[in-house]
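Trainee: Please walk me through this one feature by feature, with the general idea before each case.

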Amino acid sequence: MSLDHPTVPMQPAVTPPASRAPWKPSIVAEVARVAANTAVNAEYRHLVVDCSEIAAAAQPGQFFQLLCPHPAGEQPFLRRPMSLYGADPVKRQVEFLYKVTGAGTRGLDLIPPGGTLDIMGPLGVGFTLDSRWRHIVAVGRGAGLATLAPLAKAAKASGTKVTAIFSARRPELLVSVDLFKSNGADVVPVTDSEQTSGPGNVERILRGLIAAGKCDAFFTCGSSRLMRVQQRLAIEFGLPGQVAMEQQMACGIGLCYCCVRDFNVGGEIVNRRVCWDGPVFDLLEALP
């Protein structure tokens with residue numbers, strides 16, 4: 001008599017998990033080599049550093065936290081937030097435009113070409129360009145001229161025309177003008193010394209651009225007065241806009257809540273961290 005062998009159930013074939021691309025960080029803290037640190041005019045200096053691929057992938061509107069050297073007799077305690085002035089993934093470089101105003105920037109001013117600088121970034125939420133926009137308007141003043149600068153290259157790459165209205169105390173203090181022009185932008189300088197920088201005159205220029213069909217969206221940084229003008233026009237003509245907010249920061253990564261500001265979202269006042277939720281926000285939600 002033979003015994004039947006027990007039936008062994010068939011095991012389903014094991015499908016290997018789909019192959020995944022290796023994880024890559026989007027933020028890096030590294031010691032970068034200073035390629036250049038030169039004066040642009042009487043107030044601003046242009047800093048260029050060689051960096052990693054990750055840092056060089058920074059987008060317009062993002063920023064870095066810089067660990068500034070200590071000038072003699074001073075000791076900056078925190079990193080200094082610095083908006084991106086330019087990024088070149090091919091050369092693996094990032095650029096900053098800074099004004100010497102305190103211990104941190106005095107330390108930056110001391111770094112010679114070939115020196116090193118500890119950088120952390122890119123950080124924050126940057127500008128967004130909509131492919132449907134054929135012509136945008138950038139309005140900046142002071143440090144805002146540096147923050148808006150990367151838009152020139154990004155807009156050109158997307159086939160978007162730019163009109164830039166740049167404001168300063170005097171003509172010789174205007175920066176980013178050549179950069180915008182080299183990327184095909186129209187630049188309209190307005191200055192205090194020539195009495196052309198007032199909100200009334202800027203509004204007149206903006207209304208002319210809107211009437212000519214040359215304003216699908218606003219981008220702005222550096223002036224609360226000019227931001228309010230754009231907010232009124234955005235509501236009147238149903239135009240979108242983005243603003244890069246300037247704020248003191250400590251950590252730069254949303255942990256310390258040092259940079260919280262109020263925003264009007266649907267009629268409700270909410271708190272947001274400029275470093276983490278921004279620094280770029282919807283124009284109509286920003287409060288001066």
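Trainee: Let's start with cysteine 259: does it count as buried or exposed?

Mentor: The general idea is relative accessible area: buried means under 20%, exposed over 50%, and partly exposed in between, using a 1.4 Å probe and protein chains only. Cysteine 259 has 3% relative accessibility, so it counts as buried. A word on ground rules: this is a predicted model, where local features need pLDDT of at least 70 and side-chain atom pairs count only at pLDDT 80 or more, while totals for chains, interfaces and linings use all residues. Residues are numbered from 1 along each chain as its sequence is written, and side-chain values use heavy atoms, with hydrogens and water left out.

Trainee: And what does cysteine 259 touch, apart from residues up to four places away in sequence?

Mentor: Contact means heavy atoms within 4.5 Å. On that basis cysteine 259 touches Gln247, Gln248, Met249, Arg272, Arg273, Val274 and Cys275. Its place is the loop between β12 and β13. As for those labels, helices (H or I, at least four residues) and strands (E, at least two) are DSSP runs, numbered from the N terminus.

Trainee: Which residues does UniProt list for "binding site"?

Mentor: The unreviewed entry lists Cys251, Cys256, Cys259 and Cys275. The listed residues are spread over 25 residues of sequence but cluster in space, with a largest C-alpha distance of 10.1 Å. Cysteine 251 lies in the loop between β12 and β13, and, not counting residues up to four places away in sequence, it touches Gln65, Met120 and Cys256.

Trainee: Arginine 273 came up among the contacts of cysteine 259. Where is arginine 273 placed?

Mentor: Arginine 273 belongs to strand β14 (residues 268-273). With a relative accessible area of 18%, arginine 273 is buried. Leaving aside neighbours within four places in sequence, arginine 273 is in contact with Gly254, Tyr257, Cys259, Val260, Gly278 and Phe281.

Trainee: Now the aromatic rings. How do I read a pair?

Mentor: A pair of aromatic rings is described by the distance of the centres and the angle of the planes. Rings of Phe, Tyr and Trp (its six-membered ring) pair if their centres lie within 6.5 Å; planes under 30 degrees apart count as stacked, over 60 as edge-to-face, and the rest as tilted. That rule gives 5 aromatic pairs here. In one of them, phenylalanine 64 and phenylalanine 96 have ring centres 5.5 Å apart and planes at 80°, so the pair is edge-to-face. This pair links distant parts of the chain, 32 residues apart: phenylalanine 64 is in strand β3 (residues 63-67) and phenylalanine 96 in strand β6 (residues 93-99). Both phenylalanine 64 and phenylalanine 96 are buried.

Trainee: How would you class the rings of phenylalanine 263 and phenylalanine 281, and why?

Mentor: Their centres are 4.2 Å apart and their planes at 35°, so that pair is tilted. Phenylalanine 263 sits in strand β13 (residues 260-265) and phenylalanine 281 in strand β15 (residues 280-282), so the pair ties together parts 18 residues apart in sequence. Phenylalanine 263 is buried at a relative accessible area of 0%, and phenylalanine 281 is buried at 4%.

Trainee: What charged end sits over the ring of phenylalanine 263?

Mentor: The test is NZ of Lys or CZ of Arg within 6 Å of the ring centre and within 35 degrees of the ring normal. Arginine 272 has its charged end over that phenylalanine 263 ring, 5.8 Å from the centre.

Trainee: Last topic: sheets.

Mentor: Strands of a sheet pair through backbone hydrogen bonds, either parallel or antiparallel. Here two strands pair if DSSP finds at least two bridges between them.

Trainee: In what sense do β11 and β12 pair?

Mentor: Strand β11 (residues 217-221) and strand β12 (residues 241-244) pair in the parallel sense over 3 bridges. The bridge partner of phenylalanine 219 is glutamine 242 in β12.

Trainee: And the open sheet of 7 strands, what is its order?

Mentor: The order is β4-β3-β7-β1-β2-β6-β5, with antiparallel pairing. Within it, 6 bridges join strand β1 (residues 28-39) to strand β7 (residues 116-123), and glutamate 30 stands opposite isoleucine 119 in β7.

Conventions
UniProt positions are given in the numbering used here, feature names are shortened, and annotations may be inferred rather than shown by experiment.
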